[in-house]
Amino acid sequence: MDQKDLNIDIHNEFFTKKFQVTLTKREPINHDSYMFRFDFKNGKERLGMQAVQHIKIYGLNMNGEIVDRAYTHVFEEDGYFQIPIKIYRPNVHPQFPNGGELTPWLEKIDLNTELTIKRCIGKLLYNNNQFIVRPKVNKNWSQFNSVLLICGGSGITPAYQLIQTICNNQNDNTKMVLLYANKSEQDIWLMKELKDLQDKHKDQFTVHFTLDKSDENWNGLKGFVSLEMMTSIFPKATETTLGVLCGPKPMNKLVISLYEQFGLKKENIVKF
């Protein structure tokens with residue numbers, strides 16, 4: 001697909017039409033997360049989306065009202081796709097005393113339930129070694145020599161999708177360094193997959209994990225994301241360095257500030 005042929009029209013039916021998929025599996029990842037599998041009615045159908053585009057899932061909140069939330073799939077084959085989702089249960093997370101708007105419902109609905117979803121464009125577009133930052137307002141393709149990624153918790157999903165896509169593109173030599181922050185080791189998603197990508201693409205991709213809480217057996221980074229931590233693992237920022245981020249709101253605010261202190265241009269910093 002040529003860049004000029006890539007459709008980024010958010011009003012196109014591809015991104016506006018809602019359709020149904022069936023929840024067929026919900027397998028635990030850890031104490032508060034599952035890998036959800038959604039099947040199409042047509043066994044050959046796919047989402048057919050570019051990297052770092054996402055979907056909206058529609059469902060019910062605690063009051064029975066229809067709500068929607070955005071998620072990024074991490075695996076796709078003919079007829080189905082998979083999304084890891086963290087469940088925000090009531091009276092567990094201080095920030096969400098009533099629980100999440102959608103995830104308590106997703107945790108409890110029966111398998112083989114049909115759900116409504118919609119494809120969406122995010123704040124970054126990637127195709128064949130080039131990017132559009134903020135495609136809803138910008139139509140210009142840019143090439144970056146390096147991509148820095150800082151993610152927290154479930155915010156890893158769009159980063160993983162992008163990393164996987166770039167690594168699988170033999171014509172793309174973009175260098176990527178990921179800093180992935182979590183509360184504890186059991187909260188880390190896709191650890192094996194990320195390490196496998198690093199092993200297979202050592203010259204192109206490096207991952208670093210940091211934990212808020214760790215024991216003596218942990219040999220990764222420790223503590224919250226900081227400028228000192230970034231300086232120790234990231235290459236020096238240049239005009240062609242892209243900085244992306246995805247995590248909890250307080251973390252995102254901090255990371256944007258840290259990226260600027262690190263030397264990235266404001267227009268080259270984007271939240272997934």
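Predicted model: local features only at pLDDT ≥ 70, side-chain atom pairs only at ≥ 80, totals over all residues.
Residues are numbered from 1 along each chain as its sequence is written, and side-chain values use heavy atoms, with hydrogens and water left out.

Let me begin with the strands. Two strands pair if DSSP finds at least two bridges between them. As a reminder, strands of a sheet pair through backbone hydrogen bonds, either parallel or antiparallel.

Strand β1, residues 18–30, pairs with β2 in the antiparallel sense over 7 bridges, and a hairpin of 2 residues joins β1 to β2. Within that pairing, Leu23 stands opposite Phe38 in β2, and Arg26 stands opposite Phe36, also in β2. β1 also pairs with strand β7, residues 114–120, again antiparallel, over 5 bridges, and there Gln20 stands opposite Thr116 in β7. Strand β2, residues 33–39, is joined to strand β6, residues 80–86, by 7 bridges, and these two run antiparallel; in this pair Arg37 stands opposite Gln82 in β6. β2 is mostly covered, since 6 of its 7 residues are buried, where buried means under 20% relative accessible area, exposed means over 50%, and partly exposed lies in between, with a 1.4 Å probe and protein chains only.

Elsewhere there is an open sheet of 6 strands with parallel pairing, in the order β13-β12-β11-β10-β14-β15. Its edge strands are β13, residues 221–222, and β15, residues 269–271, each of which pairs on one side only. Strand β14, residues 241–246, pairs with β15 in the parallel sense over 3 bridges, and Gly243 stands opposite Ile269 in β15.

α3 is mostly covered, with 10 of its 12 residues buried, among them Ile156, Tyr160, Leu162 and Cys167.

The second largest pocket holds about 340 Å³ of space. A pocket here is found on a 1 Å grid over the protein atoms alone, as an open set of points where a 1.4 Å probe fits, with protein on both sides within 12 Å along at least five of seven lines, and lining residues have an atom within 4 Å of a point. Grid points are joined across faces, edges and corners, and the volume is the space filled by probe spheres set on the points. Of the 13 residues that line this second largest pocket, those closest to its centre are His73, Glu76, Gln161, Gln164 and Thr165. β5, residues 75–77, and α3, residues 156–167, each supply at least two lining residues, and α3 gives the most, with 3. The lining divides into 4 nonpolar, 7 polar and 2 charged residues, with Ala, Val, Leu, Ile, Met, Phe, Trp, Tyr, Cys and Pro counted as nonpolar, Asp, Glu, Lys and Arg as charged, and the others, Gly among them, as polar.

What about the cysteines? The structure holds 0 disulfides, a disulfide being a pair of cysteine sulfur atoms within 2.5 Å. Cys151 is in no disulfide, and the nearest cysteine sulfur, that of Cys246, is 6.1 Å away. Cys151 counts as buried because its relative accessibility is 0%. The sulfur of Cys167 is 14 Å from the closest cysteine sulfur, in Cys151, and so is too far for a bond; Cys167 is buried too, with a relative accessible area of 6%.

Last, the backbone angles. Most residues other than glycine have a negative phi. Val52, however, has a positive phi of about 60 degrees; Val52 lies in the loop between β2 and β3, and is buried at 6% relative accessible area. Asn129 has a positive phi of about 75 degrees, sits in the loop between β8 and β9, and counts as buried at 15% relative accessibility.

Note on methods
Helix = DSSP H or I, 4+ residues; strand = E, 2+ residues; numbered from the N terminus.
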